[in-house]
Amino acid sequence: SLTLQRFHSNQMAHTFRLWFTADALGMSTVTPLCLSLVEGKYFSKQFLPRLLGPLVLLCAISFYVFWRSDVPLLFMILPCLILMGLRLGLAGSSLGLLVVSVIGGYLTTGGHGPTMLMLGRTQQQHIIAVQFFTAVSMLSVYLLEVVMAESRRLQKSLQTSEAYFRLLAETSRDVIVLTDLEGGRRYVSPAAAELLGWSPEELLGGSYRDLMHPDDLAEWKSLLADCSTGTSGKTLQYRCRKKDGSYLWMESNLRLRSEERRVGKECRSRW
């Protein structure tokens with residue numbers, strides 16, 4: 001069509017704009033979908049049942065929205081696209097955009113759809129309006145996918161860090177204790193059983209007041225207060241009560257540990 005317009009009219013710039021917009025939207029939609037097909041994991045048998053329901057719903061709503069010429073219902077499509085993205089990631093978003101583009105373009109060229117409410121406009125202007133809606137939907141869905149991908153990356157990084165922390169803590173002969181800023185124990189490494197006789201499960205939920213010698217409480221409170229303000233590197237020697245009732249001299253070093261998944265902060269001590 002670009003070549004015909006070049007030799008038979010003076011609307012080359014206008015035709016090029018329509019052609020370029022349509023092809024740019026098509027490439028932006030199909031490229032992520034093709035990459036997902038190459039990977040193969042998004043369209044395996046285990047994902048097809050998760051895809052079928054949202055895809056059928058999107059097709060039905062898209063057909064209904066672009067068939068009605070009396071009511072603007074384009075806003076109903078975006079939640080379906082978001083659902084596709086949540087169920088199947090970027091591949092689902094791309095497939096959903098492709099479905100909307102095909103159904104919307106076909107019905108709009110047939111004289112249907114909410115763009116017909118734009119009275120006095122040519123068919124090309126109606127098509128441009130559909131292209132603009134597709135572009136806005138693509139931008140919204142892809143931005144949401146970027147945010148979700150970053151969230152998944154951060155979550156995976158936190159899980160990896162937590163796994164490394166537990167591996168080091170459970171293989172160390174030092175007792176690693178994770179407490180909140182009030183001194184409540186949230187995690188105790190297995191080395192506590194060897195040194196104190198208490199199993200980690202018996203110590204969880206308790207406080208430093210349960211095991212520490214009364215004469216050492218004031219110094220421990222001061223050390224915990226320093227830890228809560230970010231001051232670290234100080235050590236404390238104190239007496240810790242064993243399960244048999246005797247006391248064992250220990251040395252503790254506190255470090256402040258911030259965690260994005262928690263509202264507060266925690267202190268990690270090594271005995």
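How much space lies in the largest pocket? About 280 Å³, in what is a predicted model, where local features need pLDDT of at least 70, side-chain atom pairs count only at pLDDT 80 or more, and totals for chains, interfaces and linings use all residues. Residues are numbered from 1 along each chain as its sequence is written, and side-chain values use heavy atoms, leaving out hydrogens and water.

A pocket here is an open set of points on a 1 Å grid where a 1.4 Å probe fits, with protein on both sides within 12 Å along at least five of seven lines; lining residues have an atom within 4 Å of a point. The volume is the space filled by probe spheres set on those points. Of the 14 lining residues, L25, S101, G105, Q131 and T134 come closest to the centre. Helices α2 (12–39), α4 (77–109) and α5 (123–171) each supply at least two residues of the lining; helices are DSSP runs of H or I, at least four residues long. The lining splits into seven nonpolar, seven polar and no charged residues.

Now for the packing. The largest nonpolar core has 25 residues, and L58, F66, I77, L81 and V100 touch the most other members. Such a core is a set of buried Ala, Val, Leu, Ile, Met, Phe, Trp, Tyr and Cys residues joined through side-chain atoms within 4.5 Å, buried meaning under 20% relative accessible area with a 1.4 Å probe, protein chains only. α4 gives the most to this core, with twelve residues.

Methods. Ala, Val, Leu, Ile, Met, Phe, Trp, Tyr, Cys and Pro count as nonpolar, Asp, Glu, Lys and Arg as charged, and the others, Gly among them, as polar. Buried means under 20% relative accessible area, exposed over 50%, partly exposed in between (1.4 Å probe, protein chains only).
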